[in-house]
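Let us take a walk through this model together. Have the sequence and the coordinates open side by side, and follow along one stop at a time.

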Amino acid sequence: MRNRPAVIIPLDGSEIAAKAFGAAEAMAKIMEAMLYIVHVTEEQLPEEELLKKLKIGRIEVRDFSLHQIVGKDVVGEILRFAASVDTQMIVMSSHGVSYNPKRLLGSNTMGIVQRAINPVMVIRPDMKNLPGPDWKPQKMLVPQDGTPTAAAVMTQVYRLSKLTGADIDVLNIGVSGRRPPTEAGAIPAPRYLDHPRYDWTGWASEFIERFYAQRPPGVELRLYEREGEPANVMTSFATENNDDLIALGWHGHLEAGRAETVKKLLRETDRPVLLIWSRE
Amino acid sequence: MSDCLIDFPAIKKSPYKIIAFDWDGTAVENRYVDAAPVAHVLEELMKFGVYIVIITGTNFGNIDRQFCSLITGPHKQNLFVCTDRGLEVTGFDEKSEPVTLYKRVATEKENALLDSVAEAVKHDIEAHSNVSIDIVYNRLNRRKIDLIPEWENPPKSQIGELLEKTEERLKKGGFKGGIKAAFALAVKYTQELGLSDGRITSDVKHIEVGLTDKSDSIKWIISELSSKKNIPFTDTLILGDEFGPIAGFEGSDFRTYLPDAPGITYVSVGKEPNGVPAGIIHAGGGPDCFVQMMEEQVELYKKLSPTVDPTFLLTEEGYQPLRERETESLFTIGNGYLGTRGSLEERTPESDPMTLLAGLYDRPKAKAIEELSIVPDWVFTRIYVDGRELSLEDERSILEHRRVLDMKKGILWREWRHRSENGRITSVKFLRFASLAQPHALAMRITVVPENYRGEIRVETGLMANRKTGFTIEPAEMRTIKDGEGVLISSRTKFTKYTVAQAQLSRVAPGLVKQHYRTYINKSGVSEDWRWQAEPQQVLEIEKFVSIYTSRDLPDPVKAASESAYEYAARGLDALLLEQVDAWENRWSTAAIKITGDTEAQLWANFAAYHLITAGNPFDERVSISARTLTGSIYKGHIFWDADMFMLPFFIYTHPPTARAMLMYRYHTLPGARKEAMDLSLRGVLFAWESTITGDEMTPEYVVAPTGEVILILTGKMEQHINTAVAYGTWQYWISTNDVEFFTQAGAELLIETARFWASRVEKDDEGIYHILNVEGPDEYHEIVNDNMYTNLMAAWNIDRAADAVHYMREAHPEVWARLKEKIGFDYLELDEWEDISSHMYRDMTDGNIIEQFDGYFNLKDINVYDYEQRTASLDTILGREETVVSKLVKQADVVMLLYLLENEFSEEVIKENFEYYERRTGHGSSLSPSIYGLVAARLGLTTLATRYFRQAGTIDLSNNMGNAAGGVHAAALGGLWQQIIMGFVGMRAERDGLFMYPRLPKQWQRLTITLFWHGNRLEFDIEQDKQITLVVGDTGEVNVGIFGRTLQTLSPGTTYRAAWDGSTWLEFVKIGQKGAT
């Protein structure tokens, strides 16, 4: 079972949770992965009844597997399951059965995005164009702040782009009111430009060069620089540039004062957000 | 004073890898003296990896008690003790415990034979005389026939007396043949009784019959060290005290001499009354000489090894692919003629190797602007083990990896331990440098050791053309140098038509490993290829010598490069390396700034000086230093005002020949500058804002943004203040060096012609006031302005200095002046015009003491940069271009630059108020800015603020806080950092008639020592925080030095002075005594 790549979609039986199903099917197709539909329940149901409960209708992918796990710890069970297979991605709706749009994420999604070490794609149920089974991102937006941590997400992004042929928009955002990253080896946008014609291009080529060496052939990489509040900029940039997906590196912390950009982005964007965890 | 009787130059130049010596009489007087001094020096050598081998006739216990027990640590594994005349060899394990490595065990039959021979000799002598003879049986595998038992342990120093007494004893007793006859008997009985390989020796007191002698110890060294480690014989030194004959017998150390191992150096420190055999150097001097030679070896190894002081080292531990290009920039080696980035020899996908030659410009296409061409990469090297290339790309293979830039010596060291998938561990070391002593010489040493396997190792090292970014010169010819040996690439720039020749010759030291050598030539370059079957722990060193010449240097660069490569190879890498170390030591003797109490600041200061030294070229006055020196290509190698205003002072005060060459570069580009002025219908000269070798303007007129937007670049046309930078640099050099030849031949013309430009550039209003309209000051956020105060006042200053130059030339050098006057068509009426312009130049003082940066600046939207302190991009990026232009945001020191350069024109109150006003409005959007603000803050006594700016300037490259160090180091920031220390914290001001200072050191700095050149004299300042300044004046002549705010004092040469801090101010200098007085 471990040898087969896996995409996991946790479902709780709500229509809201099932809104992510199309994206999960699409990812499974793209990755040629087994789609695991995982439901954690206190009471085992017959398969037919379960399918009805999960409200997923017709399943378009050929290779899928329905897993009913009896238990109370939904997040823990899903993560344990994810660890037992070769999980490439967990796809889930931002909310589930107790849908409250005022809350950033539903409790299960919140638990999974914080604890999963696998990439997690979060789908807002109120998105105008919910990804369907044939969805294939053509362009991906990857915000980068010049830190090695942010750069680390490129491995996953390249894998996806290699499978989909999606081009990549790398976006650096100049921010006022925020200190530049202090991580060793970080190259945020230059604070000083002696001669912009040289320094700017020098920085840009170095910025790109850091990702370029591992770039799969045929993938186009463009660097953009914008200024402003990061989540707003990402949201509007994705809209203006028709990016189908926003991929972000993060450390898995959603508590107060952490990952403010991730939180705001999850609230405001109408694009799928792929969160890629990396160690602090 | 030397303890040796003769000078032995090789000891100071040849780092021996094996040093083997006799103990008693050579290393120590006797076996009872304190061996701690000799242990100390030999231990130092072991720490450098030298194999120390003691060869003695005595047993291990004696040597262990006296010497070995004094040494502990991992280096003790490099110690070997060959005892009992070649019978036994003891080494030491990692716990410093003795381990028997070799032991000759006698058979019962051999032992019986030894007894028989000794006893036969004894009986023979006693049968034919009244002499009684003793036999010492309890010696391992040998017997000692004691000819004079009543004298126990005669010291070696009494050898003459011993000889006399022994002969007397034998002869008086009736054994007329004496010692020689006894020796002959031993030889005879050895043969007769069948001890086929018996060894007979004599130390006069004894005739010794044994199974081995000291030659067996040497054979062990050759077999176990020389051969297994592949150490050439030439790297072996053997010392003794008795090589020559004693009493007709060969000396006790003679058997250590092996004529069939050519290249070993033999030295005797003994008295050698009968001389030494051919091939042995007689140094004499006994153990004292021995210790002296070992100390000289230690000094030599210190020179050839990385510097210990961490403030002179940049170290990268492991391998950080993301930062690779940044590391390459910072770790660049160079010598002013060229710079080579610190790229990995074998390259990874992240590598951007680059060698840039000062002045080697070309155009990518016709009519494009010139940029530095990148020449083929000379460090290219790949290592293969059984056909598989060693690479850093798989991080699991990296057991250790370290790159160290030794800024003290200008050497890049690299150490790497690689483990392949099948567990084979290979240790690789690289050393490379660009010779500061010989600008065309480059050298590299590649050391490969298979730690735990035997297999085929292949090293391919060459000159490779292909690379990733930048503008590469294409090879025109690739071949071997001659007869299939060495390789050569000759390239040619497309439009500027320069020929560049690079010749490479590599050599392997003549060890015992057989290598196969061949050369390769392919599309991307040329290489030499070494291949050999390696045994575990066997060391192989390849020395690579590269010579680069261009047709800028001489007419036939190919010939010069080829011949030089052979010349360097003949001298050997150690010789070039020693020359390199000495050259750098010489430069640091005047460039070093020593800061006590702040190691971080010390590192920044060293880094700044290092990169400036590697960028300056005193030998070529057709080049100057570009914005990123020779460490990267993003500024295309263009030369800006940075060179004259920010970097030049470092050279003026630490290495005037380089400063002179930089100014002569400006002089040689006068035709281009004259044309620039003429194109604007103006007189005099206008130097190019971005300059190459021609002096033509190389600033692009526009760039196309990624969005397709065409952005005009106005700096080339508008930043005319570069003229004042050249003039300021010229004047500073002149007043600091008093270089009359330069001033009369070039300096005066530079001042006059730049002034003429301003005289024709100004516009006079109805009130007789002169203005400079449509100009751009250092603040590039406001591009076309009127009456930029920096430009106005610097132009007036330029004109005044030109007038000074005319008066000086006319009075002091009338003949030279007459020629210059005619050459430039000077009219004395110009002096009147200059006087009028200078005295009526528009000076804004409309808002109290605050100087308006340019006309209309005060009407712009105010800004406080501290409101934007936390940000992740430059302030103009955050604000946006349109908002920036209408705001008071200043890019870099503009008015504040003026407060520094023309300090005398403003009161302290004006300086303080303007500094505070502009400090809150300056975004420091340029790397040139923080150091100048820090400098003025330091002069104002705002030490905390000055220290903060100093940190900002010091970390621009080292923390990569510009985000673009990958494209090269920020040379102006480095020059600015130096100026902040000297002109700021030391408070140095250079005036026509003398030098002032007023130190205000950061709190953390307990002490600061610097050396400055003034009028050819060396001034050494030792500044102790809140205590005193000690000044040692060099021997060249009198100098005028004073405390700023007081009058100048005339100080005598060769004298020490001191100025005290009285708690509130510095007092005048007081004579302490002659140089060296404390």
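**A guided tour**

B:Ser681 sits in the loop between helix H15 (670–679) and strand S32 (702–704) of chain B; helices (H or I, at least four residues) and strands (E, at least two) are DSSP runs, numbered from the N terminus. The phi angle of B:Ser681 is near 60 degrees, a positive value in a residue other than glycine. B:Ser681 is exposed, with 7 other C-beta atoms within 10 Å. In these terms, a residue is buried if 20 or more other C-beta atoms lie within 10 Å of its own, exposed if 12 or fewer, and partly exposed in between, with C-beta atoms placed from the backbone.

Before we go on, a word on conventions. Residues are numbered from 1 along each chain as its sequence is written, while chains are lettered from A and ligands numbered from 1 in the order in which they are written. This is a predicted model, in which local features need pLDDT of at least 70 and side-chain atom pairs count only at pLDDT 80 or more, whereas totals for chains, interfaces and linings use all residues.

Now turn to chain A, with its ten helices and ten strands. Its radius of gyration is 19 Å, close to the 19 Å that the globule rule gives for 280 residues, so chain A is as compact as a globular protein of that length; the radius is taken over C-alpha atoms, and the rule is 2.2 Å times the number of residues to the power 0.38. Of the 280 residues of chain A, 49% count as buried.

For a look inside chain A, find strand S5 (residues 120–123), which is covered on both faces. A:Val120 and A:Val122 are buried on one side, and A:Met121 and A:Ile123 are buried on the other. Strand S4 (residues 86–93) of chain A pairs with S5(A) in the parallel sense over four bridges, where pairing requires that DSSP finds at least two bridges between two strands. One bridge joins A:Val91 to A:Met121 in S5(A).

A:Glu32 lies between helix H2 (21–31) and strand S2 (34–41) of chain A, and it counts as exposed with 12 C-beta neighbours inside 10 Å.

Where do the two chains meet? The contact takes 30 residues from chain A and 33 residues from chain B, two residues being in contact if their C-beta atoms, placed from the backbone, lie within 7 Å. B:Tyr868, in the loop between helix H21 (829–839) and helix H22 (875–879) of chain B, touches A:Ser176, B:Leu875 and B:Ile878, not counting residues up to four places away in sequence. With 15 C-beta neighbours inside 10 Å, B:Tyr868 counts as partly exposed.

Our last stop is helix H6 (residues 178–193) of chain B. Its buried residues are B:Ile179, B:Ala182, B:Phe183, B:Leu185, B:Ala186, B:Tyr189 and B:Thr190. They cover an arc of only 155 degrees around the axis, which puts them on the same side of H6(B); the arc is that of the directions from the helix axis to the C-beta atoms. On the other side of H6(B), B:Gln191 and B:Glu192 are exposed. Among the elements covering the buried residues of H6(B) are helix H4 (108–127) and strand S7 (142–146) of chain B. After H6(B) comes B:Gly194, with a positive phi near 95 degrees.

Note on methods: The expected span of a helix is 1.5 Å times one less than its number of residues.
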